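Subject: Handover of a structure and notes on its features

Dear colleague,

I am passing the structure below to you for your records. Please look through the sequence and the model before reading the notes that come after them.

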Amino acid sequence: MKARLRSAKRLVTLQSNLLDRNILLEEMVYAVTHDMRTPLIAMEMTGKQAQEGIYGDLPESYRKILKTTEGSLKDLLSMVDNLLRVARYEAGKIERNTEPVDLHKICQECLDELRPIYEKKSLNVKLLQDTLEVKLTIVRQDLKRVIFNLLDNAIKFTPARGSITLSVQRVQDKVIVGVQDSGRGVRAEEAKELFNRFARASGARHAPGTGLGLYMCRRIIEAHGGIIDCIPRKSEGEGTGTTFSFMLPVQN
Ligand SMILES: Nc1ncnc2c1ncn2[C@@H]1O[C@H](COP(=O)(O)OP(=O)(O)OP(=O)(O)O)[C@@H](O)[C@H]1O
Ligand SMILES: [Mg+2]
């Protein structure tokens, strides 16, 4: 009996030590991520200035290299920003916005920013909406992050010449935003898991990413009283596509 009690106590101490280490590790990751932001922005700016010819004329081959580097730096910065945003939400520091957020404008902005990427893949991208003005009490940048991440995934996991539809639907006091694609799809047994931190589907390892995007989307949507979900592919074969959608309560 005493031996059992001793083992149980040892287990509790071990668990508490592990928890402390985990918190310390998370804090370190966030601190390093935060400190990476400034030099990354500086590198991005220097590259842009070099492309604009501020440091003198550059041969075309150098310009091309700088353009590629700019793209990689943007990816890295977006990863850093996502991590920092997740850290704020995890710490329960959620800002509320009482200003009306124009959902239509945000959808259009995301599509405009991603256009060079989806045009390069010849994807047919459509925006369908049955409503124009929707008021949401959410920080504009956070709503944009969610829509941007869902579109970014759809573009990444849909082969060239496929199709993507971004839809906005008003149902009574809720708005439903969906991103449907004709890509590789998600298996039913993996669908729920993908919203966890660092989760990636088994067939997605080749694509760039950290597995943080959907987790961040879930944290943002749930913190605002909404739900985010994924409809897995219908059949076992790839190519039937996926729909990711979220619902948020509307004020007006
Ligand atoms: N539209 C989609 N089609 C197929 N699989 C998807 C789609 N969206 C997400 N997934 C799967 O869900 C995983 C998690 O997505 P998530 O956005 O969290 O991470 P990521 O895109 O891999 O990386 P990150 O967003 O951090 O750059 C992806 O790696 C992929 O396996
Ligand atoms: Mg992603």
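The notes below describe the overall build, then individual residues.

This is a predicted model, in which local features need pLDDT of at least 70 and side-chain atom pairs count only at pLDDT 80 or more, while totals for chains, interfaces and linings use all residues. Residues are numbered from 1 along each chain as its sequence is written, chains are lettered from A and ligands numbered from 1 in the order in which they are written, and side-chain values use heavy atoms, with hydrogens and water left out.

Overall build

The protein chain contains six helices and five strands. Helices (H or I, at least four residues) and strands (E, at least two) are DSSP runs, numbered from the N terminus. Along the sequence their order is α-α-α-β-α-β-β-α-α-β-β. A box of roughly 75 × 55 × 45 Å, taken along the principal axes, holds the C-alpha atoms of the protein chain.

Of the 252 residues in the protein chain, 36% are buried. Here buried means under 20% relative accessible area, exposed means over 50%, and partly exposed lies in between (1.4 Å probe, protein chains only). The accessible surface of the chain is about 15,300 Å², and carbon and sulfur atoms account for 57% of that surface. Such areas come from the Shrake-Rupley method with a 1.4 Å probe; for residues, only the protein chains shown count as cover.

A contact means heavy atoms within 4.5 Å. Among contacts between residues at least 6 apart in sequence, 71% join residues at least 24 apart.

The aromatic pair

The structure holds one aromatic pair. F195 and F244 form this pair, which is edge-to-face, with 6.0 Å from centre to centre and 65 degrees between the planes. F195 lies in the loop between helix 5 (188-191) and helix 6 (213-223) and F244 in strand 5 (residues 242-249), so the pair ties together parts that are 49 residues apart in sequence. Rings of Phe, Tyr and Trp (its six-membered ring) pair if their centres lie within 6.5 Å; planes under 30 degrees apart count as stacked, over 60 as edge-to-face and the rest as tilted. F195 is buried, at a relative accessible area of 5%, and F244 is also buried, at 9%.

Cysteines

The count of disulfides is zero, a disulfide being a pair of cysteine sulfur atoms within 2.5 Å. For C107, the closest cysteine sulfur is that of C110, and at 6.7 Å it is too far for a bond. C107 is buried, with a relative accessible area of 0%. C230 is in no disulfide either, as the nearest cysteine sulfur, in C217, is 12 Å away. C230 is buried, with a relative accessible area of 6%.

Loop residues and a proline

S122 is not a glycine, yet it has a positive phi of about 50 degrees. S122 sits in the loop between helix 3 (103-120) and strand 1 (124-129) and is partly exposed, at 42% relative accessible area. Q172, another residue other than glycine, has a positive phi near 50 degrees. Q172 belongs to the loop between strand 2 (163-171) and strand 3 (174-181), and Q172 is exposed, with a relative accessible area of 68%.

P39 is placed in helix 1 (residues 2-51) and is partly exposed, at 41% relative accessibility.

With kind regards
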